[in-house]
Amino acid sequence: NYFSKSTMGAACCDSSQDTNLRPGVDISLARKEADTMMSQPIKIEYFGGSFGRVDPIRQMLVHKSVDFKFIGYTPDSWASLKESGNSGEMGGLPIVHYGGGQGRQQTMAILRSLGAMHGYYNPSDWKTCAFVDMVAESYNDVFNAAAKAMLFTPDEEKPAAFEALRDGLVKKFMHICETRFEQNAAQMFIASDEMTIADFCLASFVFNTLKNELSPLQPVLSPMLLKFPLFTAYTKRLEKEVSAHIERRPKAPL
């Protein structure tokens with residue numbers, strides 16, 4: 001993979017890879033601790049009945065054949081948990097438990113961390129990370145805008161909100177991806193020939209919205225695929241990679 005378990009150990013623990021490594025650190029112990037963290041079970045807490053912002057994380061774990069336990073909340077059960085003071089440091093979902101069982105929050109931070117652990121994000125490659133992070137953060141912007149348009153916009157205003165999303169953030173996002181493939185015609189995935197966390201963000205964008213027949217955004221956004229042929233071809237390669245997750249999950253509009 002793009003960042004294998006063995007290279008992760010070297011990058012994290014070898015002083016030639018990390019100039020900030022403290023003198024006297026036991027490299028073998030650090031590697032053992034990293035392996036232990038990767039072998040511990042993962043627990044994901046999020047709203048049930050939706051794909052939501054946690055889906056890139058789930059797609060990545062399924063792609064890597066990493067088992068995890070999912071705990072789904074209703075809005076009411078989550079509200080009760082927050083009132084009890086058990087909603088974590090940031091007070092929001094998702095909460096993902098890994099690396100010693102600690103509940104970690106902030107979706108993009110979790111995605112990068114687990115991506116580095118499992119071979120989909122290489123912190124030592126700053127140039128690729130800059131592009132991967134741009135795609136991931138852009139996806140996050142699109143997700144937030146889509147959720148606002150779908151869930152918090154009055155029904156009579158939704159058609160205009162959906163079109164504004166299409167002609168603004170979505171068009172810009174897809175143009176960035178199309179340009180990337182124009183510049184790298186033989187490239188399999190968005191940042192390289194190997195899957196990265198950016199591809200799981202794009203898989204969520206494509207299969208939760210553009211190609212999701214239950215999404216109210218799908219009829220408005222899916223025609224955009226005709227305008228970006230290289231991106232559309234990429235979605236077919238992407239589908240082969242994430243089909244295991246797409247096929248086994250329940251259907252949902254978002």
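Buried, in these notes, means under 20% relative accessible area. I am working from a predicted model, and today I went looking for aromatic rings.

**Entry 1: counting pairs.** I looked up ring pairs and found 7 aromatic pairs. One of them is Phe 173 with Phe 205, an edge-to-face pair with 5.2 Å centre to centre and 65 degrees between the planes. I then checked where the partners sit: Phe 173 belongs to helix H7 (residues 158-183) and Phe 205 to helix H8 (residues 197-210), so this pair ties together parts 32 residues apart in sequence.

**Entry 2: another pair from helix H7.** Next I took Phe 181 and Tyr 234. Their ring centres are 4.9 Å apart and their planes meet at 40 degrees, so I noted the pair as tilted. Phe 181 is in helix H7 and Tyr 234 in helix H10 (residues 229-248), so the pair links distant parts of the chain, 53 residues apart. I looked up accessibility too: Phe 181 has 3% relative accessibility and therefore counts as buried, while Tyr 234 is buried with a relative accessible area of 0%. Which residues make up the aromatic cluster here? Phe 181, Phe 231 and Tyr 234 form one cluster together.

**Entry 3: charges over rings.** Last, I turned to arginines. Arg 58 has its charged end over the ring of Phe 70, 4.9 Å from the ring's centre. I also found Arg 104 over the face of Tyr 98, at 5.0 Å from the ring centre.

Technical notes
Residues are numbered from 1 along each chain as its sequence is written. This is a predicted model: local features need pLDDT of at least 70, side-chain atom pairs count only at pLDDT 80 or more; totals for chains, interfaces and linings use all residues. Side-chain values use heavy atoms; hydrogens and water are left out. Rings of Phe, Tyr and Trp (its six-membered ring) pair if their centres lie within 6.5 Å; planes under 30 degrees apart count as stacked, over 60 as edge-to-face and the rest as tilted. Helices (H or I, at least four residues) and strands (E, at least two) are DSSP runs, numbered from the N terminus. Buried means under 20% relative accessible area, exposed over 50%, partly exposed in between (1.4 Å probe, protein chains only). A charge sits over a ring if NZ of Lys or CZ of Arg is within 6 Å of the ring centre and within 35 degrees of the ring normal.
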